[in-house]
Amino acid sequence: MQVKINIDGGSRGNPGPGAAAYVICDMHGQVLAQEGHFMPHCTNNQAEYTALKLALIKAKELNATELFIQSDSLLLVKQFLGEYKIKHPDLAARMAVIRRLAAGFSIHMEHVLRHLNKAPDALANKAMDAKQSVGFNPIRQLPPDEEPPAASAHIVNGVEVKPVRREQNAAPQTPRKAPSKKPHQPDLFGDL
């Protein structure tokens with residue numbers, strides 16, 4: 001079955017509260033499913049990636065085989081098509097999940113201008129306003145193993161870091177012994 005998918009994501013504050021949205025229609029324009037997935041804390045790019053991931057999960061639920069996907073995120077489209085490198089580790093991990101989900105489909109993806117992608121944009125804004133997910137025929141169950149780890153303020157380059165605690169009244173260091181004026185130099189060649 002062929003379906004047309006429009007995706008969008010956004011974040012208020014970047015990072016801040018956001019939402020990922022998809023609208024899936026049959027080739028005659030009949031809406032099969034649409035969802036605005038609320039994300040309590042994310043960046044715009046994380047929301048865009050999540051929108052694609054959710055659309056792929058729902059397309060599988062619908063038994064779709066060929067997907068015509070449109071997004072107004074040029075970065076997402078170019079990175080999915082392999083035309084741009086993915087430098088951020090979190091986005092690379094998200095793309096790995098997306099590529100696993102995309103493996104069973106024939107996918108045609110294109111970038112469109114924002115005014116041609118109004119439906120998922122409105123859905124994402126509605127989810128952000130309501131601070132909860134909204135939709136019609138939403139995903140029944142999100143696979144827990146497919147969700148990338150939640151972003152944390154204490155994760156840098158994929159490693160958890162902790163604040164450094166320094167002692168307030170550290171004991172003064174004892175001064176080092178001044179070197180003698182003529183340091184001892186061992187004879188490396190013996191007595192020649």
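Entry 1: What should the 14 residues of H3 span at 1.5 Å a residue, and how far apart are its end C-alpha atoms? I found that they should span 20 Å, and the end C-alpha atoms are 20 Å apart, which agrees. The expected span is 1.5 Å times one less than the number of residues. I took helices (H or I, at least four residues) and strands (E, at least two) as DSSP runs, numbered from the N terminus.

**Entry 2: ground rules.** I am looking at a predicted model, where local features need pLDDT of at least 70 and side-chain atom pairs count only at pLDDT 80 or more, while totals for chains, interfaces and linings use all residues. Residues are numbered from 1 along each chain as its sequence is written, and side-chain values use heavy atoms, with hydrogens and water left out.

**Entry 3: one face of H3.** I looked up which residues of H3 are buried (under 20% relative accessible area, with exposed over 50% and partly exposed in between; 1.4 Å probe, protein chains only). They are Asp90, Leu91, Arg94, Met95, Val97, Ile98, Leu101 and Ala102. Seen down the axis of H3, the buried residues fall within an arc of 160 degrees, so they line one face of the helix. That arc is taken from the directions from the helix axis to the C-beta atoms. A handy reminder: an α-helix has 3.6 residues a turn, so residues three or four places apart point the same way. The buried residues of H3 pack against H1, H2 and strand S5 (106-111).

**Entry 4: the core.** Next I checked the largest nonpolar core, which has 34 residues. Such a core is a set of buried Ala, Val, Leu, Ile, Met, Phe, Trp, Tyr and Cys residues joined through side-chain atoms within 4.5 Å. Ile5, Ile7, Tyr22, Leu52, Leu56, Leu67 and Ile69 touch the most other members. H1 gives the largest share, nine residues. I followed Leu52: leaving aside residues up to four places away in sequence, it touches Ile7, Ile69, Leu76, Phe80, Ile98 and Met109. Contact here means heavy atoms within 4.5 Å.

**Entry 5: strands.** Which strands pair with S2? S1 and S2 pair in the antiparallel sense over nine bridges, and S2 and S3 also pair in the antiparallel sense over nine bridges. Pairing requires that DSSP finds at least two bridges between two strands. Ser11 has Gly18 of S2 as its bridge partner, and Val23 has Gln34 of S3. I also noted that nine of the eleven residues of S2 are buried.
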